[in-house]
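Hello,

Here is the structure I promised to pass on. My notes follow below it.

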Amino acid sequence: MTQRDVLISGAGLAGPALAHQLHRYGFRPTVVERAPALRDGGYKVDIRGAATDVLKRMGLYQAARSVDTGMRYVTYVRRDGRQIAKLDADLLMGRRGDDLEVMRTDLTRILYDATAADVEYVFGDSIATMTDGPDGVDVTFTSGATRRFALVVGADGVHSATRRLAMGEVPLRYLGAHIAFFDVPNELGLDREEIFYTEPGRMVFAYSTGGTAPAKVGMVFGADEPALGREVLADRFAGLGWQVPRFLDLLRSTDDVYFDALNQVELPRYSAGRVVLLGDAAHCPSPAAGQGTSMALVGAYLLAGELAAAAGDHRAAFDRYEARLRPYVERNLAFGVKMAGDMVPGRRLSLAVRNYGMRTLKYHPLKRQIIERVTRPLHDAANAIELPSYPMAPVA
């Protein structure tokens, strides 16, 4: 082991992004991933504001731009499927300038392909135990292998096992809702279009990034307490209209379902000893914020840069990483709390008011100014950091 050997737990987005930058600074990252191969699937994710600058500095922006979803429309429908409103996707979602929307699996592949030749990846394994000592971290893997690393980075998501090993059980902040994602045949013929259907306390949406691609279905519902098991979906969405009965039938026959509570990770500190957390493991904003991917990219850029600048003093690097990142994180976590409430529709009156606004928006002469005002908090959060320059890294 040398002081340049870094173990990263998690080969999602944050881990490979960090490995990319660490290698450019002369570190020797190893990425361990419990899945047997690079994970496929996932939903579309946004890259906004400061995160687009990070991708440019990594030399990967054009690759990400080439797989932009190119979503064209967002449509709202009634329970009988009749259209309430059909709006331009970029306008409604408030995308600006160089902002991107990509499928998570596409971005994962880009990051992996950019690092696979230079970074050691270990699939089908995970950290079983860690012993943090004055000269390094002794790691035992579930495979039985043992190795020592100078540092360990937990980039293994909202339910991070690395966080639990380093810091014990950390309570998550429940935001009052649950979300599920799964694939269905694209029988609606969706082509870069997303459809929303809402009832009080429940929202269903479906989208596809192309006419021949499967459709992704999302279901969101509010609940006072976290629920266990996807079986609750059939009960919570029973009796709804539009395509919901068909979606529930398909749900029963598929094993590939993402189901979780909308939770936020809110930690007093992102590191303990020689172990540091990154991405959702450190500060998951829940899917409601739409900023998890951007925060992971920004965090990876900062952590790698500060480790390089600290010349071996990991304590100083971790302190500066957190000091730079935390104000940006807090801004986005606050936005996520607000958006979690907006994702779960309220009473029928508020739904009627919202539907009327959607129906008339496309005809409003000031529609762009209205959308600008509504989405300004998102853009303020996405740009709530000034990225430092780390001249030791070659600029692509």
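Where in the chain is the place of Ala311? Ala311 sits in the loop between helix H10 (292–309) and H11. Bear in mind that the model is predicted.

I picked out Ala311 for its backbone. Its phi is positive, about 50°, although Ala311 is not a glycine. Most residues other than glycine have a negative phi. Ala311 counts as exposed, at 69% relative accessibility.

Arg192 is another case. Its phi is positive too, about 55°, and Arg192 is not a glycine either. Look for Arg192 in the loop between strand S12 (173–184) and strand S13 (193–199). Arg192 is partly exposed, with a relative accessible area of 29%.

Now the helix pair. Helix H11 covers residues 314–343, and helix H13 covers residues 367–382. Their axes come within 8 Å and cross at roughly 155°. That angle is over 145°, so H11 is roughly antiparallel to H13. The crossing of the two helices is left-handed.

Which residues meet there? From H11 come Tyr328, Arg331, Asn332 and Phe335. From H13 come Pro377, Leu378, Asp380, Ala381 and Ala382. By class, the contact of H11 with H13 has six nonpolar residues, one polar and two charged. Arg331 and Asp380 are the charged ones, because Arg and Asp count as charged.

Best wishes

Key:
Residues numbered from 1 in each chain as written. Predicted model: local features only at pLDDT ≥ 70, side-chain atom pairs only at ≥ 80, totals over all residues. Heavy atoms only, no water. Axes fitted to C-alpha atoms, helices over the stretch in contact; angles between N-to-C directions. Helix = DSSP H or I, 4+ residues; strand = E, 2+ residues; numbered from the N terminus. Parallel < 35°, antiparallel > 145°, perpendicular 65-115°, else oblique. Left-handed = near helix turned anticlockwise from the far one by under 90°. Contact = heavy atoms within 4.5 Å. Buried < 20%, exposed > 50% of the residue type's maximum accessible area, 1.4 Å probe, protein only.
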